[in-house]
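The report below works through one structure, from its sheets to its core and its chain contact. Please keep the sequence and the coordinates at hand while reading.

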Amino acid sequence: MSIQVRTMADMMASGESPDILFWVGCAGSFDDRAKKITKALVKILNHCKVNFAVLGTEESCTGDPAKRAGNEFTFQMQALMNIELLNGYEVKKIVTACPHCFNTLKNEYPELGGNYEVIHHTQLIQDLINTGKLALADNGTFKGKKITFHDPCYLGRANDVYEAPRDLIEKLDAALVEMKRCKTNGLCCGAGGAQMFKEAEKGNKEINVERTEDAIETSANIIATGCPFCNTMMTDGVKHFEKEEDVKVMDIAELIANAADL
Amino acid sequence: MQQLIFGVLTLTSFGFFAFNLRKIAQNIHMGLPINRTDRKAERWRTMLLVALGQKKMFSRPIPALLHLALYAAFVITQIELIEILVDGLSGSHRFFQMGLGGFYTFMISFIEILSVLAFIGTLAFLARRNMLKLPRLNMKELAGWPKQDANLILIMEIVLIACIFTMNGADEAALQLKSKFGHGFLISSFVGPLFFGSIQDLHTLHLLEQVGWWGHIIMVYTFMNYLPYSKHLHIFMAFPNTFYSKLEPKGQFTNMASVTNEVKLMLDPNADPYAAPAADAVPSRFGAKDVTDLTWKNLMDAYSCTECGRCTSACPANATGKLLSPRKIMMDTRDRMVELGDFKRKNGSDSEDGKSLLGNYITEEELWACTSCNACVQECPVNIDPLSIIIDLRRFLVMEESKVPSELTGMLTNIENNGAPWQFAPTERMNWANEE
């Protein structure tokens, strides 16, 4: 079953303009696990009748991994092309489920001529619930469950967003349990700074294993994340400890979509 | 005669200190320009909270309290130091006492209480470093001089405090011997008789007070002139360093304007490729190879580091056995800056010694271990930013030397060819909407 989603080109052709652009990101577009997060968010947006669009095949990497890897040329090539596209569509507001896209679009595009209001999907969902557009069903999905939240570095420390995802977890019928290292002290999953795309340097442990230990220590049933890369790293970490049966790694958007019976 | 000796000693000390401060300023000025004078109100607030208020220290309460004792004692003791300066130059004895009376007793007592707390703090810090062997204070980058430096500072502080109590204690003992009534300083009126009560000779007691007085001021001057050679310089640098903090979100990396011009030329079919570039548009190199390619703020950061290692203990790469230690990045930057600064003062500002920060001090393996998670930046109690140095060194590796880990070359090629870090065609970008 295909999912209802319109592209910017589509909307423009019919003389419409969306209130918000959903920036899907490369992980959200191509990674099998992250695609599920994308769909969960689209379900929420459709359910709340949010007037949104995606760029579709016109979207391209923000350039984040190139910039973190030290290649400013590749980054700016991507950034300037994207900005031309976004400005052409007169985009004002962007939501994304990827903290890396979020950080780059919000903080690094303005100096290159791209000025948009950029929000993380947890902030948008929080707003939808607070304004009464989205109601969570009393379906008992998370009753008695313990959920811990892993702070993505590019959402937390990088941009000081700590409360929106936690606020959403607290709206579920579940207990939010914190890891010993959380919020400003949160430990990286190991994927940032372009590490996602290379083998780790020589060491005695993988960072995602170290981080998954923190999560398992809380005896949470669910590790919630707000980043497709953290999701991959934590999922691999859980596999490392052979805990796939007991511990699920889920994005906040998926938790909310489940709780809202979508 | 004593006044003359004191005057000469004071002038020499301040002169030598000023000489070294000038070197430090010169070294920092080897860095590239960066604007950190905007948003003044926010800058003052940051300095007051982080440097004066030690806000970030309190993420670890016990060392924060011990550190606060040392810090408060250091700041308040300056009042007594001013009196020592006045007494030393004019030949008076406890100059402030006449004018202040009871308040003077209160003030000295207050200083004494803080000094006792500082004494306890110093002992605790020595124990933590040498007996408890706290991991972050015993890492390999601290072997040798950095470890000695740390212990030396603590020992000097103990000697300083001992001198204060010798001075005040002997004074109290002498007064009590003469008239049964001392100054009534809270600690030394007890400590004095306890240590010096058996001495029934006024002359010896006065001599002891003099020893304490001279010992104190000599220690202060020694300490002051030791600072420029030590990590302990943070007691001054913390203030400008927090004032000039990065105020943008931590995730925002600097934009390279020089690259923008070139990229715009590449993207714009109408651009005139022969147009003369603006004079400031082309830097000597992309990214940083040596300290002269870093900004002055990076270099100020290096002088502000007191090697506490909070950055390194929070670093995910370091925690999992990788070579990277953000503290070492800062120590290397400082050591290289001092080395190059000395070389240039000797051989002229255009001279080069053939060494560089990248290569001679910092290795590629360290740089590629970083996840850019900002934990080190978050942790630093004086707002040092090791990450911006790491990224600038990476930029040099990638853009000037094409030294990129092979998997990353693949990722970069994919972005350039198909607009994603993985090898997927742009036409497949919307497939998710039609898949089950």
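Which unit do strand 7, helix 10 and strand 8 of chain A make? They make a right-handed β-α-β unit, and this, like everything that follows, is read from a predicted model.

Helix 10 of chain A, covering residues 228-240, lies across both strands and runs at about 170° to strand 8 of chain A.

The two strands belong to an open sheet of four strands in chain A, with the order 6-5-7-8 and parallel pairing. Its edges are strand 6 (175-176) and strand 8 (248-251) of chain A, each of which pairs on one side only. Strand 5 of chain A, residues 146-149, is joined to strand 6 of chain A by two bridges, the strands running parallel, and Lys146(A) stands opposite Ala175(A) there.

## A second open sheet in chain A

Another set of four strands in chain A forms an open sheet in the order 2-1-3-4, again with parallel pairing. Here the edge positions are taken by strand 2 (52-53) and strand 4 (117-120) of chain A. Strand 1 (residues 20-23) and strand 3 (residues 93-96) of chain A run parallel and are joined by three bridges, with Phe22(A) placed opposite Val95(A) of strand 3.

## Nonpolar cores

The largest nonpolar core has 150 residues, and those with the most contacts inside it are Ile44(A), Ala224(A), Ala253(A), Ile256(A) and Leu393(B). Its largest share, nine residues, is contributed by helix 18 of chain B, residues 386-400. Apart from this core lies another, of 26 residues, including Ile111(B), Ile164(B), Ala173(B) and Trp213(B).

Helix 11 of chain A (residues 252-259) is largely enclosed by the rest of the structure, because seven of its eight residues are buried; among them are Ala253(A), Glu254(A) and Ile256(A). The cover over these buried residues includes helix 3 (32-47), helix 7 (121-130), helix 8 (163-171), strand 7 and strand 8 of chain A.

The segment after helix 11 of chain A contains Asp261(A), which has a positive phi of about 60° although it is not a glycine. Asp261(A) is exposed, with 12 other C-beta atoms within 10 Å. Lys183(A), also a residue other than glycine, has a positive phi near 50° and lies in the loop between strand 6 and helix 9 (207-217) of chain A. Lys183(A) counts as partly exposed, because it has 16 C-beta neighbours inside 10 Å.

## Contact between the chains

The contact takes 58 residues from chain A and 56 residues from chain B. On the side of chain B that touches chain A, at least two residues each are supplied by helix 10 (257-267), helix 13 (316-319), helix 16 (364-368), helix 17 (375-379), helix 18 and helix 19 (406-418) of chain B. By class, this side of chain B has 31 nonpolar, 14 polar and eleven charged residues.

Notes:
Residues numbered from 1 in each chain as written. Chains lettered and ligands numbered in written order. Predicted model: local features only at pLDDT ≥ 70, side-chain atom pairs only at ≥ 80, totals over all residues. Core = buried A, V, L, I, M, F, W, Y, C linked by C-beta atoms within 7 Å. Buried ≥ 20, exposed ≤ 12 C-beta atoms within 10 Å, placed from the backbone. Contact = placed C-beta atoms within 7 Å. Nonpolar A, V, L, I, M, F, W, Y, C, P; charged D, E, K, R; others polar. Pairing = 2+ DSSP bridges. Axes fitted to C-alpha atoms, helices over the stretch in contact; angles between N-to-C directions. Right-handed = clockwise from strand over helix to strand, strands pointing away.
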